[in-house]
Amino acid sequence: MSAGTTFTAALVQMRSGLSPQANLDAAVRLIEEAKSGGADYVQTPEMTNILEVKRERLFEKITAEENDPSLAAFRALARKLGIVLHVGSLAIKLLPEQAANRSFLIDRKGDIVARYDKIHMFDVDLAGGESYRESSNYRAGEIAAATDLPWGRIGLTICYDLRFPALYRALAEAGTSFLAIPSAFTRQTGEAHWHVLNRARAIENGAYVLAAAQGGKHENGRETFGHSLVVDPWGRIVAEGGTDPGVILATIDPAEVTAARAKIPSLQHGRRFEVVEPMAEPAHLHAVRSPA
């Protein structure tokens, strides 16, 4: 296929637990189902390999990238199925007590063509005592990532990144037509903000949003919102999941990106500016005022 042609995207919605092997088995079944449905590009959610916040249990079960069995299996699967496989993120051990929340884009030959470490850490205190400190286990990334697919350029982000629009504008200005947002949004925040934020990122940048999600009550007690979304560049939801594991398919037409950006060319209209203390009067009045 060449850039600009339509393709079928699949979002794999999961409910990852505490066993990386069980999570891998579940993901493989759903990815194979997506391929059977005609998918060319398949995306899994954030924390595909394990959803765990307790430090000791997390570091007992994760490993370095070069030794990670899930990553090796996903590379082999992409090659076997002949698909572009986007592993939304894996918990990857960097040091004995520090990990990366890392996304992998794997091509049809099984080669890793892009990596992205989540930049924005989810350190929040929500209503009802729900609290998270992602930075206590994970090292924040510092580099945004964009790479070419056979159908156009994609920008890689993860979950909480969704709340930082400057990242998405930078990716759009770097030529991306597709914005990937694999996530594990909490039920509480998802009910409030998931749909509007994903639609906003699509509208602001005239880009497709592809957001595979975790959904339901997990083994560790956490609840995630689900509702994996495909949003088109005009902000319309073209495919959506529920809360259970499954596959969401959508036809993606890169021509829609061109059309949306022609209607609202905001990427061409952006201006740099400074934020300063306001003056009592416009500056030009000081230049023309006559002496008393």
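## Exercise 1: a serine in a loop

S177 is buried, because its relative accessible area is 15% and buried means under 20%, exposed over 50% and partly exposed in between (1.4 Å probe, protein chains only). Before going on, note that this is a predicted model, where local features need pLDDT of at least 70, side-chain atom pairs count only at pLDDT 80 or more, and totals for chains, interfaces and linings use all residues. Residues are numbered from 1 along each chain as its sequence is written, and side-chain values use heavy atoms, with hydrogens and water left out.

Task: find where S177 sits and which residues it is in contact with.

Step 1. Look in the loop between α4 (165–173) and β10 (178–180) and you'll find S177. Helices (H or I, at least four residues) and strands (E, at least two) are DSSP runs, numbered from the N terminus.

Step 2. Skip the neighbours within four places in sequence, and S177 is in contact with R153, A207, Y208, V257 and R261. Contact means heavy atoms within 4.5 Å.

## Exercise 2: two more residues

Task: work out whether E52 is buried or exposed, and do likewise for N205.

Step 1. E52 belongs to the loop between β2 (41–43) and α2 (55–61). Its relative accessibility is 5%, so E52 counts as buried.

Step 2. Leaving out neighbours within four places in sequence, E52 has contacts with L18, R57, L58 and N220.

Step 3. Now move to helix α5 (residues 187–205), where N205 is placed. With 2% relative accessibility, N205 counts as buried too.

Step 4. Not counting residues up to four places away in sequence, N205 touches Y168, R169, A172, L179, R261 and L267. R261 is also on the contact list of S177.

## Exercise 3: a hairpin

Task: describe how β4 and β5 pair and what lies in the turn.

Step 1. β4 (residues 98–106) and β5 (residues 112–117) pair in the antiparallel sense over five bridges. Two strands pair if DSSP finds at least two bridges between them.

Step 2. Pick S103 and look across: its bridge partner in β5 is Y116.

Step 3. Five residues separate the two strands of this hairpin, and G110 in the turn has a positive phi of about 90°.

## Exercise 4: positive phi without glycine

Task: what are the phi values of C159 and H227?

Step 1. Start with the background: most residues other than glycine have a negative phi.

Step 2. C159, in the loop between β9 (152–156) and α4, has a positive phi near 45°. At 7% relative accessibility, C159 counts as buried.

Step 3. H227 isn't a glycine either, and its phi is positive at about 55°. You'll find H227 in the loop between β13 (223–225) and β14 (229–231).

## Exercise 5: the whole chain

Task: how does the radius of gyration of the protein chain fit the globule rule?

Step 1. The rule is 2.2 Å times the number of residues to the power 0.38, with the radius taken over C-alpha atoms.

Step 2. For 292 residues a compact globule would come near 19 Å, and the protein chain has 21 Å, which agrees.
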